[in-house]
Amino acid sequence: AVDTFGGATGFGAQIGYDFLGLPVEVVGGGEYFFPDCDIETCNFWGGFLEGHLRLPLPLIRPYALGGLTYRSVDNLKTSEDQIDSSSAGGVAAGAGVDLNLLALRVFLDARYEFLSSPLDQWVLRLGLNF
């Protein structure tokens, strides 16, 4: 999460379904971030449901993405804001690329989440699909 929390890292899991014969994939997942907090009880998490429209190339497959996203934060202090508790749902749009390596698929994507301030943000993801 780049904008809202100045580069908080996190982890997540996702599951997707490729429509055979079509360059379309539906992906849903969740993420938990580790923001820099002064107290132990802060948290930042969310989920998403999105579609990927891919170029049908064999090794490197760029894609456009768009979908729905949800974020929730508790007891978080940023350089500009103190957030006691906030959650928001909205839409996300972005782009990414898959790299097919034998049985693994490495992906890198960036999306902007259009949520109410201060939760609107860029999210950069790097991961493995099995």
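Q: What makes a run of residues a strand in this predicted model?
A: A strand is a DSSP run of E with at least two residues. Strands are numbered from the N terminus.

Q: What order do the elements of the protein chain follow from the N terminus on?
A: They run β-β-β-β-β-β-β. The chain has seven strands and zero helices.

Q: Why are β1 and β2 called a pair?
A: Pairing takes at least two bridges between two strands. Ten bridges join β1 (residues 9–18) to β2 (residues 24–34). The pair therefore meets the definition. The two strands run antiparallel. Among the bridge partners, T9 goes with F34 of β2, and A13 goes with G30 of β2.

Q: What lies between β1 and β2 in their hairpin?
A: Five residues lie between the two strands. G21 is in this turn, and its phi is positive, at about 85 degrees.

Q: How do you know that β2 also pairs with β3?
A: Count the bridges against the cut-off of at least two. Ten bridges join β2 to β3 (residues 43–54), so the two strands pair. They too run antiparallel. V27, for one, has E50 of β3 as its bridge partner.

Q: Is β1 largely buried or in the open?
A: Buried means under 20% relative accessible area. Of the ten residues of β1, zero are buried, so the strand lies largely in the open.

Q: How much of the protein chain is buried?
A: Buried residues make up 37% of its 130 residues. The chain exposes about 7500 Å², and carbon and sulfur atoms supply 66% of that area.

Q: What does G127 touch, leaving aside its neighbours within four places in sequence?
A: G127 is in contact with R105, V106 and F107. G127 and F107 are 20 residues apart along the chain, yet 5.4 Å separates their C-alpha atoms.

Q: What does G89 touch, not counting residues up to four places away?
A: G89 touches T69, Y70 and L115. Its C-alpha is 8.9 Å from that of S72, which is 17 residues away in sequence.

Q: How much space lies in the largest pocket, and which residues are closest to its centre?
A: The largest pocket holds about 680 Å³. Its lining has 39 residues, and G12, Q14, F107, L126 and G127 are the closest to the centre.

Q: Which elements give two or more residues to this lining?
A: They are β1, β2, β3, β5 (82–101), β6 (104–114) and β7 (121–129). β1 gives the most, with ten residues.

Q: What is the lining of the largest pocket made of, by class?
A: It has 21 nonpolar, ten polar and eight charged residues.

Q: What share of contacts joins residues at least 24 apart?
A: Among contacts between residues at least 6 apart in sequence, the share is 47%.

How values were computed
Residues are numbered from 1 along each chain as its sequence is written. This is a predicted model: local features need pLDDT of at least 70, side-chain atom pairs count only at pLDDT 80 or more; totals for chains, interfaces and linings use all residues. Side-chain values use heavy atoms; hydrogens and water are left out. Helices (H or I, at least four residues) and strands (E, at least two) are DSSP runs, numbered from the N terminus. On a 1 Å grid over the protein atoms alone, a cavity is a set of points where a 1.4 Å probe fits but cannot get out, and a pocket is an open set with protein on both sides within 12 Å along at least five of seven lines; lining residues have an atom within 4 Å of a point. Grid points are joined across faces, edges and corners, and a volume is the space filled by probe spheres set on the points. Ala, Val, Leu, Ile, Met, Phe, Trp, Tyr, Cys and Pro count as nonpolar, Asp, Glu, Lys and Arg as charged, and the others, Gly among them, as polar. Buried means under 20% relative accessible area, exposed over 50%, partly exposed in between (1.4 Å probe, protein chains only). Contact means heavy atoms within 4.5 Å. Accessible areas come from the Shrake-Rupley method with a 1.4 Å probe; for residues, only the protein chains shown count as cover.
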